[in-house]
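Me: I am new to this structure and would like to learn how to read it, one feature after another. Could you take me through it slowly, giving the general idea before each case?

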Amino acid sequence: MASVEVSINGRFYRIACEDGQEQRLIRLAGSVDEKVSSLVEQVGQVGDTRLLVMASLLIADELDDAKHGNGHANGGANGGSVPDPAQNQAAIAALSALAERIEHIADSLESA
């Protein structure tokens, strides 16, 4: 099993992953870091756990939009096209796995 070191909100985390999934995990962590950075700009540094929970909820909201095809994450009322749900299966699975990992990290931080 491989592991990578990722940075979210300036903190480094060593995360285990399946062999060959290192670059994907780095890319996903980058997305989470972008989400957290955006939250920091909006609400400030309110603590790592709270920021990770807020980012998890935003990602879960996007995942829910993708699952139910209501289009909010893809332009919605602005006339954006809603992709075929079958084409989103890999993205949905990745976001679900990422949300679970974030929840695990947040739980670990709370217990530390």
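Reply: Let us begin with a term: a residue is called buried when its relative accessible area is under 20%, exposed when that area is over 50%, and partly exposed in between. Please keep in mind throughout that this is a predicted model. With that cut-off, buried residues make up 30% of the 112 residues in the protein chain.

Me: How many helices and strands are there in the protein chain, and what pattern do they follow along the sequence?

Reply: The protein chain has three helices and two strands, and when it is read along the sequence the pattern is β-β-α-α-α. As for how the parts of the chain meet, 43% of the contacts between residues at least 6 apart in sequence join residues at least 24 apart.

Me: Which residues touch the most other members of the largest nonpolar core?

Reply: The general idea is that in soluble globular proteins nonpolar side chains tend to be buried together. In this model the largest nonpolar core has 20 residues, and those touching the most other members are Tyr13, Val32, Val36 and Leu52. Two or more residues come from each of strand S1 (2–8), S2, H1, H2 and helix H3 (89–111), and H1 gives the most, with six residues.

Me: What span should the 22 residues of H1 have, and how far apart are its end C-alpha atoms?

Reply: At 1.5 Å a residue, H1 should span 32 Å, and its end C-alpha atoms are 31 Å apart, so the two values agree. Just after H1 comes Gly44, which takes a positive phi of about 85 degrees.

Me: Which residue other than glycine has a positive phi, and what does this residue touch?

Reply: Most residues other than glycine have a negative phi. Here Asn9 has a positive value, with phi near 55 degrees, and Asn9 is found in the loop between S1 and S2. Not counting residues up to four places away in sequence, Asn9 touches Asp33, Val36, Val40, Gln45, Asp48 and Leu51. With one of these, Asp48, there is a polar contact of 3.1 Å between the side chains.

Me: How many salt bridges does the structure hold, and which residue forms one with Asp48?

Reply: To read such a pair, look for a side-chain nitrogen of Lys or Arg within 4 Å of a carboxyl oxygen of Asp or Glu. The structure holds two salt bridges, and in one of them Arg11 pairs with Asp48, with the closest N and O atoms 2.1 Å apart. Because Arg11 lies in strand S2 (residues 11–17) and Asp48 in helix H2 (residues 48–68), this pair ties together parts that are 37 residues apart in sequence. Arg11 is partly exposed, with a relative accessible area of 45%, whereas Asp48 is buried, at 16%.

Me: Which residue forms a salt bridge with Lys35, and how far apart are the closest N and O atoms?

Reply: Lys35 forms a salt bridge with Glu62, and the closest N and O atoms are 2.4 Å apart. This pair links distant parts of the chain, with Lys35 in helix H1 (residues 22–43) and Glu62 in helix H2, 27 residues apart. Lys35 is among the buried residues of H1, while Glu62 is partly exposed, with a relative accessible area of 31%. Leaving aside neighbours within four places in sequence, Lys35 is in contact with Ala55, Leu58, Ile59 and Glu62.

Conventions: Residues numbered from 1 in each chain as written. Predicted model: local features only at pLDDT ≥ 70, side-chain atom pairs only at ≥ 80, totals over all residues. Heavy atoms only, no water. Helix = DSSP H or I, 4+ residues; strand = E, 2+ residues; numbered from the N terminus. Buried < 20%, exposed > 50% of the residue type's maximum accessible area, 1.4 Å probe, protein only. Core = buried A, V, L, I, M, F, W, Y, C linked by side-chain atoms within 4.5 Å. Expected span 1.5 Å × (residues − 1). Contact = heavy atoms within 4.5 Å. Polar contact = N/O pair within 3.5 Å; in protein donor to acceptor, adjacent residues only side chain to side chain.
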